[in-house]
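Please look over the sequence and the model shown below before reading on.

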Amino acid sequence: MTTIFFACFVIVTLCLTVKAGRQSKSMADFYTGGRRFTAFQNGLAVSGDYLSAAAFLGISGLIALNGYDGFLYSIGFLVAWVVTLLFVAEFLRNVGRYTVGDVLAYRMSQRPVRIAAGISTITVSIFYLTAQMAGAGVLVSLLLGIRNDTGRILVICFVGLMMIVYVSIGGMKGTTWVQVTKAALLFGGTSLVCFLILLKFHFNISELLDSAATHSGKGRDMLVPGLKYGSNAWSKLDFISLSIALVLGTAGLPHILVRFYTVPSSVVARKSVVWAIGIIGVFHLMNLVVGFGAAALLTQSEITRSNKGGNTAAPLAALQIGGGPGTTGGALLLSLISSVAFATVLAVVSGITLATASSFAHDIYANVIREGHAERRIELRVARSAAIATGLVAVALGAVCRDVNVAGLVALAFAVAASGNLPAILYSLFWRGFTTQGALWSIYGGMATAVSLVLISPTLSGNPASIFPNSDFAWFPLGNPGIVSIPVGFILGWLGSALSKEETDPKKYAVLEVQSLTDVEVEGFPPMS
């Protein structure tokens with residue numbers, strides 16, 4: 001049954017992708033979908049890009065295992081959109097063409113800044129893709145009963161192949177319609193499970209929470225802060241670090257930022273963010289019910305037996321609320337929800353792969369290697385080749401990290417994005433004195449600090465939930481490096497600019513400022529397409 005549901009999704013989205021591919025005749029079509037999407041369409045697509053395996057599988061699992069502390073991820077993911085709405089969405093849409101590198105390169109030396117932007121985009125995307133691939137392996141293990149590593153790795157390879165097909169054939173148009181379809185399915189599937197769980201507990205939230213607290217064996221600790229992040233001072237500091245990364249990270253995620261280039265104006269970009277906030281907010285409220293519902297319907301050992309990170313809590317809750325193992329209702333609901341979750345993985349990795357391929361082809365190949373003189377036909381071919389390479393890397397890393405909680409992995413991507421991309425973007429948009437050296441120091445310094453701290457953090461080793469649980473080189477005590485790496489990125493951006501001998505061009509900043517605020521084409525500013 002699961003195979004039938006998922007096959008239907010693949011067939012429908014492949015048809016949409018092929019149709020969109022036939023309509024993609026130019027670079028603007030491939031990179032931005034021709035900038036023709038409406039606010040509602042782009043809002044759905046943004047939601048589809050953002051509501052990843054971490055949002056559906058990871059957070060529901062964290063709530064089922066850690067109660068209130070697990071829901072803190074949802075709060076961070078949602079509040080982040082306020083930062084994006086106020087400081088990034090409109091401005092970026094007004095001054096960018098295809099990638100984040102376009103925004104940085106206007107005022108600064110093109111070659112080094114575009115290389116830095118491309119490397120940062122690829123690094124953030126790899127972290128994000130790893131989480132999605134890990135989620136794919138977990139789902140198939142549950143659905144098809146594949147317990148051996150070889151079978152799970154083969155499924156991860158299939159997801160990698162499909163995302164390459166979506167990006168290579170459909171470009172931004174095809175990927176956007178995949179995201180829209182997936183967002184509608186995810187919202188509908190989560191709504192159904194949420195409704196059935198509330199029905200089970202007579203639409204009484206207190207009854208649901210009391211049952212979750214009792215059934216989990218953790219009592220009232222499930223309903224108050226501290227179960228995951230309150231045991232000691234380091235865990236509390238880790239929570240602050242996580243919160244900073246989640247709130248600031250969205251505004252630096254490349255695959256989210258490029259979505260603002262797909263609409264015809266900054267007004268539509270702003271409206272699409274408002275739509276996205278509404279959709280994402282309602283989804284996370286429903287996911288809260290699903291997480292606590294899983295805790296109320298399943299034992300903690302049942303949740304962790306299938307996956308120790310808790311990533312299968314939502315599908316298992318669907319199975320239980322549908323009637324339990326061996327029942328037709330349970331099997332149908334499990335198949336439906338797991339197919340939607342699998343579609344979620346497939347759609348999100350397509351968006352991330354497109355952002356990565358676009359950055360490599362446009363920033364590094366066209367504007368660095370070919371110095372702005374690349375043939376459009378060759379540039380598109382390079383973008384498709386980059387999509388293939390990204391898919392191969394994602395498959396390899398997903399196979400290694402298949403047992404780690406996907407929400408934790410995505411939080412690391414947020415930290416890297418907020419440490420490298422966000423300082424450079426904000427300084428470039430709002431600080432007249434920002435220089436090429438400042439951009440390079442903030443991007444490379446923030447990114448290197450975040451990645452280095454991750455490598456020596458408990459995420460990689462030192463405890464049973466780590467990627468390498470049997471090793472211990474966790475010299476950095478926090479699971480998320482944001483509290484250190486994000487300030488480092490901002491400080492280095494300021495320090496690099498302050499120490500730079502480069503003379504900034506006040507006229508260029510004035511042009512950028514007017515363009516970013518008004519969306520009116522200013523003389524001297526590069527055309528949008």
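## Aromatic pairs

Rings of Phe, Tyr and Trp, the last taken by its six-membered ring, count as a pair if their centres lie within 6.5 Å, and planes over 60 degrees apart make the pair edge-to-face. In this structure, which is a predicted model, there are 17 aromatic pairs. One of them joins Phe40 and Trp275, whose ring centres are 4.8 Å apart and whose planes stand at 70° to each other, an edge-to-face arrangement. This pair links distant parts of the chain, since Phe40 belongs to helix H3 (residues 39-50) and Trp275 to helix H13 (residues 266-297), 235 residues apart. Phe40 is partly exposed, with a relative accessibility of 39%, and Trp275 is partly exposed as well, at 42%.

Phe91 and Phe430 form another edge-to-face pair, with 5.1 Å from centre to centre and 80° between the planes. Because Phe91 lies in helix H6 (residues 89-95) and Phe430 in helix H18 (residues 406-430), the pair ties together parts that are 339 residues apart in sequence. Phe91 has a relative accessible area of 14% and is therefore buried, whereas Phe430, at 39%, is partly exposed. Aromatic residues also gather in one cluster, made up of Tyr50, Tyr73, Phe77, Trp81, Tyr128 and Phe414.

## Helix H5 and a nonpolar patch

Phe430 also takes part in a nonpolar patch on the surface, together with Val82, Leu86 and Phe87, and the accessible area of these residues together is about 370 Å². Helix H5 (residues 68-87) supplies the largest share of this patch, namely 3 residues. Phe87 is found in helix H5, and its relative accessibility of 44% makes Phe87 partly exposed.

Helix H5 has 20 residues and spans 30 Å from its first C-alpha to its last, which is close to the 28 Å expected at 1.5 Å a residue. Several residues of H5 are buried, among them Tyr73, Phe77 and Trp81, and these three are also members of the aromatic cluster.

## Salt bridges

The model holds 6 salt bridges. In one of them the side chains of Glu90 and Arg270 meet at 2.7 Å, N to O, and this pair links distant parts of the chain, with Glu90 in helix H6 and Arg270 in helix H13, 180 residues apart. Glu90 is partly exposed, with a relative accessible area of 21%, and Arg270 is partly exposed, with 32%.

Which residues are linked with Arg114 in a network of salt bridges? The network consists of Asp102, Arg114 and Asp363. The side chains of Arg114 and Asp102 meet at 3.0 Å, N to O; Arg114 lies in helix H8 (residues 110-143) and Asp102 in helix H7 (residues 100-105), so this pair ties together parts that are 12 residues apart in sequence. Arg114 and Asp102 are both buried. The side chains of Arg114 and Asp363 meet at 2.6 Å, N to O, and that pair links distant parts of the chain, because Asp363 is in helix H16 (residues 328-369), 249 residues from Arg114 in helix H8. Asp363, like Arg114, is buried.

## Cysteines and a buried alanine

The structure holds 0 disulfides. Cys157 is partly exposed, with a relative accessible area of 34%, whereas Cys194 is buried, with 8%.

Ala413 lies in helix H18 and counts as buried, at 0% relative accessibility. Between Ala413 and Gly252 there are 9.7 Å in space, C-alpha to C-alpha, although the two are 161 residues apart in sequence.

Methods. Residues are numbered from 1 along each chain as its sequence is written. Side-chain values use heavy atoms; hydrogens and water are left out. Patches are made of residues with over 30% relative accessible area and no salt bridge: like charges are joined within 9 Å, nonpolar side chains (Val, Leu, Ile, Met, Phe, Trp, Tyr) within 5 Å. Accessible areas come from the Shrake-Rupley method with a 1.4 Å probe; for residues, only the protein chains shown count as cover. A salt bridge is a side-chain nitrogen of Lys or Arg within 4 Å of a carboxyl oxygen of Asp or Glu. Helices (H or I, at least four residues) and strands (E, at least two) are DSSP runs, numbered from the N terminus. Buried means under 20% relative accessible area, exposed over 50%, partly exposed in between (1.4 Å probe, protein chains only). The expected span of a helix is 1.5 Å times one less than its number of residues. A disulfide is a pair of cysteine sulfur atoms within 2.5 Å. Rings of Phe, Tyr and Trp (its six-membered ring) pair if their centres lie within 6.5 Å; planes under 30 degrees apart count as stacked, over 60 as edge-to-face and the rest as tilted.
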